[in-house]
Amino acid sequence: SARREDLYGIVNGIDYDEYNPSTDKYVKNHFSAEDISGKKLCKKSLQKSVGLPVKDDVFMIGMVSRMTDQKGFDLVEYILDEMLNALDIQLVVLGTGEEKYENMFRYFQSKYPDKVSATIGYSEEVAHQIYASCDAFLMPSLFEPCGLSHMMAMRYGTIPIVRETGGLKDTVMAYNEYEDTGDGFSFDNYNADDMYHVIQYAYSVYSNYPMKWEKIIKRAMNEDFSWDASARRYEELYDSIIIK
């Protein structure tokens, strides 16, 4: 449209006091971008509390979400069995939503008790522990105007795996192994195989290149998704309008 160049998107911020890995009241082992060693201890304590085997090197993926098609759960449904069979992963899920997805996770939790933990419901404490403890955070939304969960995850160095849509595309810079840049992993088409492919890619970087993974963690933690940053963008936008 003719007005396209007049449209600007400014992402929402998150509360950096509430979501702070060095002070979070829901997290026993605090850590920071300068010293991420506490993150491994968080992982261990989450594994214990949700009843999964305590394994340091397993690739732990978290999801905190409404369980709906809009949030990409149909893609998850399509590849979950294959993925749980093929990869050394643990999936920790928190949320409620469509009954078929709630039941799907109950089923997979009973089929793969060493690999899947699903908390059907909502708990602020469990949410914070997932953000702090997991290695990756899966958010394969069909559409997502802004999206906050992946920002919360990144604040704790939990690496987002997202579909390139809306706010997810604007806030996650895809990992580039050649330039050693990026703070997450993303896929473009709303397609379960494409999603699985990028999960496998993240898994291989995590498993084979721990130093590179650590750099991705630090880049994610150094992003500024605070309301201060959003407020500065609003200020810049207002100034540019006045100057016009």
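**Note on helix packing and the sheet**

1. Helix 2 and helix 3 meet through a set of side-by-side residues: Phe-73, Asp-74, Val-76, Glu-77, Leu-80, Asp-81 and Leu-84 from helix 2, and Tyr-101, Met-104, Phe-105, Phe-108 and Lys-111 from helix 3. Sorted by class, this contact holds eight nonpolar and four charged residues, with no polar ones. The model is a predicted one.

2. The axes of helix 2 and helix 3 come within 11 Å and cross at roughly 10°. Angles under 35 degrees count as roughly parallel, and helix 2 is therefore roughly parallel to helix 3.

3. Both helices also lie on the sheet. Helix 2 (residues 73–86) lies across strand 1 (59–64), strand 2, strand 3, strand 4 (136–139) and strand 6, and runs at about 150° to strand 2. Helix 3 (residues 99–111) lies across strand 2 and strand 3, at about 145° to strand 3.

4. The sheet itself is open and has six strands, in the order 3-2-1-4-5-6, with parallel pairing. Its edges are strand 3 (116–120) and strand 6 (185–187); each has a single partner strand, so one side of each has no neighbour in the sheet. On average, neighbouring strands are turned by 15° against each other, direction ignored.

5. How many bridges join strand 2 to strand 3? There are five, and strand 2 (residues 89–95) runs parallel to strand 3. Leu-94 has Thr-119 in strand 3 as its bridge partner.

6. The crossing of helix 1 past helix 4 is left-handed.

7. On the helix 1 side of this contact are Lys-39, Cys-42, Lys-43, Leu-46 and Ser-49, which meet Gln-129, Ile-130, Tyr-131, Ala-132 and Ser-133 of helix 4. By class, the contact comprises five nonpolar, three polar and two charged residues.

8. Is helix 4 largely enclosed or largely open? Eight of its 10 residues are buried, so helix 4 is largely enclosed by the rest of the structure. The buried residues are Val-126, Ala-127, His-128, Gln-129, Ile-130, Tyr-131, Ala-132 and Ser-133. They pack against helix 1, strand 1, strand 2, strand 3, strand 4 and helix 5 (149–155).

Key:
Residues numbered from 1 in each chain as written. Predicted model: local features only at pLDDT ≥ 70, side-chain atom pairs only at ≥ 80, totals over all residues. Heavy atoms only, no water. Left-handed = near helix turned anticlockwise from the far one by under 90°. Helix = DSSP H or I, 4+ residues; strand = E, 2+ residues; numbered from the N terminus. Contact = heavy atoms within 4.5 Å. Nonpolar A, V, L, I, M, F, W, Y, C, P; charged D, E, K, R; others polar. Pairing = 2+ DSSP bridges. Axes fitted to C-alpha atoms, helices over the stretch in contact; angles between N-to-C directions. Buried < 20%, exposed > 50% of the residue type's maximum accessible area, 1.4 Å probe, protein only. Parallel < 35°, antiparallel > 145°, perpendicular 65-115°, else oblique.
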